[in-house]
Amino acid sequence: GFRHYVVNSCEFNSSKRNAIEYTESYYYNKLESIRFSSSVGKYVGYTEHGIKSSERWNNGPEAIFRRGEKERYCLRTVGRDVEAARPKS
């Protein structure tokens, strides 16, 4: 069978807002076909199907919604994660 899955992630190495990047990657059979990156601000396709889909998604409400995910998905948890990673004195 075929496998389709989506991976959302927040990458950061400091608690500064501009140093945080939200990504959402779509995979089909272990091959990444589409990615949204908050630093780029749009979907990018990596396969023939992904290119067609990213063009459609960038012109629809999907891209507008994803641009807010850094705020909704990442920034609310960054402070908690940074505190948990700091050594306790």
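Q: By about how much of a helical turn are Glu-48 and Lys-52 separated in helix α1?

A: Helices (H or I, at least four residues) and strands (E, at least two) are DSSP runs, numbered from the N terminus. Helix α1 covers residues 48-58, and because Glu-48 and Lys-52 are four residues apart in this helix, about one helical turn separates them. Before going further, note that this is a predicted model, in which local features need pLDDT of at least 70 and side-chain atom pairs count only at pLDDT 80 or more, while totals for chains, interfaces and linings use all residues. Residues are numbered from 1 along each chain as its sequence is written, and side-chain values use heavy atoms, with hydrogens and water left out.

Q: What joins the side chains of Glu-48 and Lys-52?

A: A salt bridge is a side-chain nitrogen of Lys or Arg within 4 Å of a carboxyl oxygen of Asp or Glu. The side chains of Glu-48 and Lys-52 form such a bridge, at 3.7 Å from N to O. Glu-48 and Lys-52 are both exposed.

Q: How many salt bridges does a search of the whole structure find?

A: The search finds five salt bridges. One of them links Glu-32 and Arg-35, at 2.8 Å from N to O. Glu-32 is buried, with 14% relative accessibility, whereas Arg-35 is partly exposed at 29%.

Q: Which residue forms a salt bridge with Arg-72?

A: The partner is Glu-69, and the closest N and O atoms are 2.8 Å apart. Both residues belong to helix α3, where they are three residues apart, about one turn of the helix. Salt bridges with shared partners connect Glu-24, Arg-66, Glu-69 and Arg-72 in one network. Arg-72 is partly exposed, with a relative accessible area of 40%, while Glu-69 is buried at 11%.

Q: How is a disulfide read, and which residues does it join?

A: A disulfide is a covalent bond between the sulfur atoms of two cysteines. The criterion is a pair of cysteine sulfur atoms within 2.5 Å, and the count by this rule is one. The disulfide joins Cys-10 to Cys-74, with an S to S distance of 2.0 Å. Cys-10 lies in strand β1 (residues 4-11) and Cys-74 in helix α3 (residues 69-85), so the pair ties together parts 64 residues apart in sequence. The torsion about the S-S bond is about -85°, so this disulfide is left-handed. Cys-10 is partly exposed at 24% relative accessibility, but Cys-74 is buried at 0%.

Q: In what order do the strands form the sheet?

A: Two strands pair if DSSP finds at least two bridges between them. Four strands form an open sheet in the order β1-β2-β3-β4, with antiparallel pairing. β1 and β4 stand at the edges with a single partner strand each, so one side of each has no neighbour in the sheet.

Q: How many bridges join β1 to β2?

A: Eight bridges join β1 to strand β2 (residues 21-28). Within this pairing, Ser-25 in β2 is the bridge partner of Val-7.

Q: What do β3 and β4 form?

A: They form a hairpin with four residues between the strands, and Gly-41 in the turn has a positive phi of about 85°. Four bridges join β3 (residues 31-37) to β4 (residues 42-45). Lys-42 in β4 is the bridge partner of Ser-37.

How values were computed:
Buried means under 20% relative accessible area, exposed over 50%, partly exposed in between (1.4 Å probe, protein chains only).
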